[in-house]
Amino acid sequence: MKQILVISGKGGTGKTTLVSSFASLAGGKVLSDCDVDAADLHLVLSPRVNRKEEFSGGKEAVKDSSKCTECGLCYEGCRFDAIDENYEIDHFRCEGCGVCAYVCPEGAITMEDVLSGYSLESSTEHGSMIHGELQAGEEASGKLVTEIKQKAKKLAEEEGQELVIIDGSPGTGCPVIASLADVDFALVVTEPTESGLSDLKRVVELSKNFEVEPAIVVNKHDLNHQKVSEIEKYAEGHDIPIIGRIPYDSNVTRAMVEGESIVEYSDDGASEAIREIWRKVENKLLEL
Amino acid sequence: MNLAISATGDDLESKLDRRFGRCSYFIILDPDTMEFETIQNASRGASSGAGVKAAQILADSEVDNLITGNVGPNAYNALTAAGIEIFTGASGTVKEAIAKYKEGELSRTNEPTTAGGTGKSR
Amino acid sequence: MQITVSAGKGGTGKTTVAVNLALALSESHSVEFLDCDVEEPDAGIFLKPENENSEPVTIEIPEISEDVCTYCGDCSEACEFNAIATFSENVLVYPELCHGCGLCSRVCTADAISERSKIIGEVRRGSTGSIDFYEGDLTIGEPMATPIIRDMKKKVTEENISILDSPPGTACPVIESLHGSDFALLVTEPTPFGLHDLRLSVKVAREMNIPVGVVINRYGIGDKSVEDYCEDEGVPVLMKIPNDRKIAELYSNGVPFVNKFDNWKGRFNQLFEEITRIVNPRAKSVEV
């Protein structure tokens with residue numbers, strides 16, 4: 001079984017447009033939405049949720065005020081500024097390390113599991129999908145991304161599918177590292193903007209650290225020719241193929257508003273470019 | 001001599017779990033007598049460092065050899081430090097994996113097999 | 001006054017709004033700009049800071065003296081992040097798993113654990129015109145962004161206007177950026193995707209008791225769903241930026257559009273006045 005990942009240094013570069021299109025172009029596969037912070041794929045694919053499992057991302061300090069003598073040891077001990085001058089715990093800042101519970105002489109603080117969100121197993125018209133849903137203020141952790149990826153892989157095995165398509169997390173932090181782990185091939189989507197190029201470099205560097213072979217897709221390539229040639233120069237210098245150039249196409253937004261992927265919505269422009277990219281990805285998969 | 005196998009279930013008929021740090025169970029057995037005990041993998045739900053914790057659990061259970069699917073760099077270092085040898089390349093049930101191990105068909109791993117998991121949660 | 005500019009996902013124009021707001025206000029106010037998007041710090045591309053000094057951001061991680069260590073395993077047991085493994089004859093520390101909470105050295109009965117500083121990124125300080133510019137940068141591969149944001153926010157002065165460019169999403173670094181803010185300015189696009197992400201951002205800000213207002217970027221590309229939502233929820237729409245190719249081109253060349261279009265300077269100043277009224281309703285009557 002192969003796992004392909006679509007990532008971008010930052011959000012909004014067209015990653016979901018690409019993944020939702022692949023979803024309708026690819027044959028048997030399982031979809032995996034690891035962009036849990038801004039899980040957009042479900043807006044296009046309208047999944048029917050079949051199973052919902054609670055997910056706990058870690059622990060959090062909880063204080064029993066009746067036992068607290070306001071000695072202040074927890075306040076001094078916490079390195080994350082998560083206990084204020086009134087010795088109240090700021091649950092937004094608590095890292096769950098347990099120092100406060102350890103130093104409290106009264107046993108007034110206990111460490112409890114936090115409900116961070118849910119992992120969901122769903123069916124869509126383009127096949128099964130594993131995705132996540134976070135409680136407000138909770139984040140896409142490496143643990144949740146790992147769980148989603150593992151569930152997707154397991155489901156693909158059960159269904160006898162040969163492919164998992166992963167919508168990766170943005171950024172270069174832990175969830176992205178988790179997205180990259182164990183992946184066969186990564187498509188990095190970028191835009192020809194000043195920030196697009198610097199984000200592209202970060203992601204490419206990261207994927208190389210994890211020994212994942214990257215290929216570049218330039219979205220809205222007709223927006224800035226100067227920047228496109230800078231991207232080309234960078235790609236050539238680092239021996240990374242650019243496997244697609246998607247033109248600026250107002251149908252992309254219209255398709256999104258209609259809740260369809262661009263390849264279902266239209267045939268030319270961005271749609272045509274994405275079909276071409278998918279053909280190349282399919283060939284690449286045969287080589288791997 | 002204690003052999004540990006990462007498993008998806010709690011008996012010898014269950015399948016080998018290809019994950020190490022976040023596998024479901026560890027089956028720990030004496031290959032000569034085939035007597036075994038099963039422990040639930042407490043590191044499965046760790047929000048960070050699952051591979052390290054799993055290695056700690058095996059070391060605490062005085063395991064000498066391990067059969068699993070993949071180990072990341074953190075788990076590899078911990079297992080090596082604990083003197084536990086890692087065997088990969090098995091598939092199918094736990095029983096089949098043990099048979100292959102006894103016949104010397106499994107390869108001993110001298111490096112991490114994956115780029116590893118995620119590290120930490122935030 | 002601390003205004004945090006945030007968005008449900010990247011690529012919505014969050015940095016554009018933050019940068020243009022800061023530039024427009026800097027003509028008549030003392031403005032500090034903090035780029036809290038430490039995984040992808042892009043604001044500097046537009047603000048082009050000069051005379052930058054950088055300070056490292058560190059966390060304290062354990063160093064174990066094996067001469068003294070009794071391999072009792074208490075530290076491994078205590079660590080919530082599994083950053084230490086203890087075996088019969090050795091002990092391993094995993095710095096990239098460590099949050100720097102210091103619990104291990106507290107629980108060690110043999111006094112074998114000391115601490116050393118580990119650099120996880122840096123905060124750069126510079127200036128752009130009259131704006132004090134701060135920028136956090138997370139070392140690639142380091143997963144913890146919050147200590148850098150926390151460090152940077154310690155530089156905020158109460159009497160100035162601080163504009164914080166938050167990371168996108170609703171995760172920990174976003175919470176850390178919003179923490180203590182007087183106002184959350186949420187940038188979104190008028191599409192179902194934008195609405196979905198906006199809902200989450202509004203929920204988080206409200207949980208943190210921070211008043212919110214919305215800027216709709218690329219106004220005209222999508223539908224009315226964002227405006228309808230804002231009206232239903234009583235969330236003020238404070239600005240609409242049209243979907244203008246000229247603005248997009250300026251953006252792709254790293255040029256803030258208030259520098260080219262004078263009328264937008266006035267609009268950003270009006271935006272600020274409205275924020276001031278929302279944050280402090282009584283201030284208006286005093287002025288009048």
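**Ground rules**

I number residues from 1 along each chain as its sequence is written, letter chains from A and number ligands from 1 in the order in which they are written. Since I have a predicted model here, local features need pLDDT of at least 70, side-chain atom pairs count only at pLDDT 80 or more, and totals for chains, interfaces and linings use all residues, while side-chain values use heavy atoms, with hydrogens and water left out.

**Entry: A:Gly28**

I looked up A:Gly28 and found it in the loop between α1 (15-25) and β2 (30-33) of chain A. Helices here are DSSP runs of H or I with at least four residues, strands are runs of E with at least two, and both are numbered from the N terminus. Buried, exposed or partly exposed? I put A:Gly28 down as partly exposed because its relative accessibility is 44%; buried would be under 20% relative accessible area and exposed over 50%, with a 1.4 Å probe and protein chains only.

Leaving out residues up to four places away in sequence, I see A:Gly28 touching A:Gln161, A:Glu162 and A:Leu163 (contact is heavy atoms within 4.5 Å). I also checked A:Pro175: A:Gly28 is 147 residues from it in sequence and 26 Å from it in space, C-alpha to C-alpha.

**Entry: the sheet in chain B**

I traced an open sheet of 6 strands in chain B, ordered β3-β2-β1-β4-β5-β6, with mixed pairing. Pairing takes at least two bridges found by DSSP between two strands. I noted β3 (35-40) and β6 (107-108) of chain B at the edges, each with a single partner strand, so one side of each has no neighbour in the sheet.

Inside the sheet I followed β1 (residues 3-7) of chain B, which pairs with β2 (residues 25-30) of chain B in the antiparallel sense over 5 bridges. For B:Ala4, the bridge partner in β2(B) is B:Ile28.

**Entry: chain B against chain C**

I get 17 residues of chain B in contact with 17 residues of chain C. About 1400 Å² is buried between these chains, with 57% from carbon and sulfur atoms (buried area is the accessible area, 1.4 Å probe, that two parts lose on being put together, summed over both).

How many salt bridges cross the interface of chain B and chain C? I find 0, where a salt bridge needs a side-chain nitrogen of Lys or Arg within 4 Å of a carboxyl oxygen of Asp or Glu. On the chain B side that touches chain C, α1 (50-60) and α2 (73-81) each supply at least two residues, and α1(B) gives the most, with 6 residues.

**Entry: chain C against chain A**

Here I get 55 residues of chain C in contact with 53 residues of chain A. The two chains bury about 4800 Å² between them, 55% of it on carbon and sulfur atoms. C:Glu40, C:Ile140 and C:Phe193 supply 14% of the area that chain C buries against chain A, more than any other three residues.

I count 4 salt bridges between chain C and chain A. I looked at A:Asp81 with C:Lys154, a salt bridge whose closest N and O atoms are 3.8 Å apart. Among the elements giving two or more residues to the chain C side that touches chain A are β7 (131-138) and α7 (192-207) of chain C. The largest share, 8 residues, comes from α7(C).
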